[in-house]
Amino acid sequence: MPAEAAGRPVEVAIAGRGLTIQRNHGIEMVKEDVDLIVFFDDDFAPSRFWLAQARRLMMADGSVNAFTGRILADGIHGPGLGWETAEAIVAKEDAAALALLAGGRSLPHANAGDVPSYGCNMGFRMSAIGDQRFDERLKLYGWQEDTDFSARARGTGKRVRFDELWGVHLGVKSGRSPGIKLGYAQV
């Protein structure tokens with residue numbers, strides 16, 4: 001029996017090696033069926049409200065074509081963070097948001113304008129993506145693929161950071177390439 005998320009079946013897909021190849025494969029799989037597409041890195045711990053909030057925000061503002069969320073902590077700038085630490089940070093922010101909502105207040109709304117999407121948590125309108133795809137010449141972990149793609153895929157719409165979307169980027173260092181080979185974007 002297939003797994004389900006929000007009452008819908010979950011399909012596991014295997015694509016070739018490389019982040020850009022895998023993200024392009026995901027786009028091809030859903031391009032005819034969805035209005036919004038979201039990409040999370042495997043070392044990103046999102047709020048449990050991230051997807052529902054993204055949907056609400058994008059339905060409310062048709063001028064936004066590319067978006068990202070607020071990073072509560074980013075392990076990429078140090079030795080990295082563990083899952084327990086990330087989950088605790090996210091749970092604390094989720095609890096604060098629930099307390100606001102329980103008190104009859106709404107979440108603070110802030111958009112940072114013309115912000116490149118941060119690859120660990122980013123989303124796009126499929127209508128803005130059109131025929132754009134991630135640049136598969138950016139090998140392995142496709143460093144800077146997020147900035148490149150979000151600039152091209154926003155079309156004539158805005159690209160923003162929604163503060164109502166949050167999570168923690170663990171910045172996992174193991175399981176990646178050994179760091180000996182560099183892509184041209186890193187040289």
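1. A salt bridge is defined here as a side-chain nitrogen of Lys or Arg within 4 Å of a carboxyl oxygen of Asp or Glu. The structure is a predicted model, in which local features need pLDDT of at least 70 and side-chain atom pairs count only at pLDDT 80 or more, while totals for chains, interfaces and linings use all residues. Residues are numbered from 1 along each chain as its sequence is written, and side-chain values use heavy atoms, with hydrogens and water left out.

2. Eight salt bridges are found in the whole structure. One of them joins arginine 133 to glutamate 28, with 2.7 Å between the closest N and O atoms. Arginine 133 lies in the loop between helix 4 (126–129) and helix 5 (145–153), and glutamate 28 in helix 1 (residues 19–30), so the pair ties together parts that are 105 residues apart in sequence. Helices (H or I, at least four residues) and strands (E, at least two) are DSSP runs, numbered from the N terminus.

3. Arginine 133 counts as buried, at 18% relative accessibility, whereas glutamate 28 is partly exposed at 39%. Buried means under 20% relative accessible area, exposed over 50%, and partly exposed in between (1.4 Å probe, protein chains only).

4. Aspartate 61 and lysine 158 form a further salt bridge, their closest N and O atoms being 3.6 Å apart. Aspartate 61 belongs to the loop between helix 2 and strand 5 and lysine 158 to strand 8, so this pair ties together parts that are 97 residues apart in sequence.

5. Which residues of helix 2 (residues 50–60) are buried? They are Trp50, Gln53, Ala54, Leu57 and Met58. Seen down the helix axis, these residues fall within an arc of 125°, so they line one face of helix 2; the arc is that of the directions from the helix axis to the C-beta atoms. On the other side, Leu51, Ala52, Arg55, Met59 and Ala60 are exposed. The buried residues pack against strands including strand 3, strand 5 and strand 7, where contact means heavy atoms within 4.5 Å.

6. Strand 7 (residues 121–125) is largely enclosed by the rest of the structure, because five of its five residues are buried. Asn121, Gly123 and Arg125 point one way from the strand, and Met122 and Phe124 the other way.

7. Strand 7 runs antiparallel to strand 3 (residues 36–40), to which five bridges join it; strands pair if DSSP finds at least two bridges between them. Leucine 36 has arginine 125 as its bridge partner. Strand 7 also pairs with strand 5 (residues 64–74) in the antiparallel sense, over three bridges, and there alanine 66 stands opposite phenylalanine 124.
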